[in-house]
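My entries follow in the order in which I checked things.

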Amino acid sequence: LFSSIDVAISPVISGCTTKLLAKDGVYLHQAPRDLVRGFMGPGNRADWLINCPPGTWQLESKLREGDSLKFHFEAQLLTIVAADQGEVACALPTFSVSRPCYLVDLTHAEATSSLNWVLGPTPYLNNKVFEHEEHEVAACVELGRVVDLDVIGIDEHPFHIHINPFQLTNELSDSYDGYFAAGDWHDTLFTVGHRAQARMITDHFGGEMVVHCHF
């Protein structure tokens, strides 16, 4: 699944079993995770497993009852036609994958520096307006270091960082039915909550990194 550049979607498919393998190109530390629904902001990607009984099923973007969110797209996303061809169902065990150094579990790592990001109100990032003709460095971090991130405003502005993905270190105020969990990796974060704490390691990839709202 892939979310577009200007809206969020909440994928759900009633009547089928859904499981989550990866988000933004990075496997969960323990996969798969049982899913009720997803929540994906502009630029987000996700790898799902979908198992449906014979019949026709609709994957749709649909808010939870009582939710009222800006920039949300409600629509039928795709139709799945499942046919019984005699296959025998098999159990899918939980698994973990080998990881490169820049994707090791950082939830209990000690950070050597921290960065604060405040998104909004539009068009501000950290109370400054980006000017495309200017070249301003917002922060400098050393290569090979663990960095804490405190990100505010992610309920209206998708936070996107290039080069190095980041790992959620705390549970969000709203996990969206378990879709978001501490330990998950993202390169884009857009949620129904206002704030998130995360951590990244600046491993291997030096040079400039772009941070911006993904709208």
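**Aromatic pairs**

I counted seven aromatic pairs, taking rings of Phe, Tyr and Trp (its six-membered ring) as paired if their centres lie within 6.5 Å, with planes under 30 degrees apart called stacked, over 60 edge-to-face and the rest tilted. I looked up Y27 and F95, which form an edge-to-face pair, 5.9 Å centre to centre with 75° between the planes. This pair links distant parts of the chain, 68 residues apart: Y27 is in strand β3 (residues 26-27), and F95 is in the loop between β7 (75-82) and β8. Helices (H or I, at least four residues) and strands (E, at least two) are DSSP runs numbered from the N terminus.

The cut-offs are under 20% relative accessible area for buried and over 50% for exposed, with partly exposed in between (1.4 Å probe, protein chains only).

I also noted a cluster in which ring pairs link F39, Y176, Y179, F180 and F190. The charged end of K23 sits over the ring of Y179, 4.6 Å from its centre; the rule asks for NZ of Lys or CZ of Arg within 6 Å of the ring centre and within 35 degrees of the ring normal.

**Basis of the entries**

I am working from a predicted model, so I kept to its limits: local features need pLDDT of at least 70, side-chain atom pairs count only at pLDDT 80 or more, and totals for chains, interfaces and linings use all residues. Residues are numbered from 1 along each chain as its sequence is written, and side-chain values use heavy atoms, with hydrogens and water left out.

**Sheet**

I traced an open sheet of five strands with mixed pairing, in the order β8-β11-β16-β13-β14. Its edge strands, each pairing on one side only, are β8 and β14 (185-186). Two strands are taken to pair if DSSP finds at least two bridges between them.

I found D148 opposite R199 and I152 opposite R195. Strand β13 (residues 166-168) also pairs with β16 in the antiparallel sense, over two bridges, and there L168 has A198 as its bridge partner. I checked the cover of β16 too: five of its seven residues are buried, so the strand is mostly covered.

**Cavities**

I searched a 1 Å grid over the protein atoms alone: a cavity is a set of points where a 1.4 Å probe fits but cannot get out, a pocket is an open set with protein on both sides within 12 Å along at least five of seven lines, and lining residues have an atom within 4 Å of a point. Grid points are joined across faces, edges and corners, and a volume is the space filled by probe spheres set on the points.

How many cavities of 30 Å³ or more are there? I counted two. The largest cavity holds about 40 Å³ and is lined by F39, L69, K70, D155, F190, T191 and V192. The second largest cavity holds about 30 Å³, and its lining is K23, D24, F39, N44, R45, Y179, F180 and H186.

The largest pocket has about 1200 Å³ of space. Its lining has 38 residues, with E136, A138, M209, V210 and V211 closest to the centre. I noted β8 (113-118), β9 (124-125), β10 (128-129) and β17 (211-213) as each supplying at least two lining residues; β17 gives the most, with three. By class, this lining has 22 nonpolar, 10 polar and six charged residues, where Ala, Val, Leu, Ile, Met, Phe, Trp, Tyr, Cys and Pro count as nonpolar, Asp, Glu, Lys and Arg as charged, and the others, Gly among them, as polar.

The second largest pocket has about 510 Å³ of space. It is lined by 17 residues, and I50, N51, C52, A89 and C90 lie nearest its centre. β2 (17-23) and β5 (46-51) are the elements that give two or more residues to this lining, and the largest share, three residues, comes from β5. I recorded its classes as 11 nonpolar, three polar and three charged residues.
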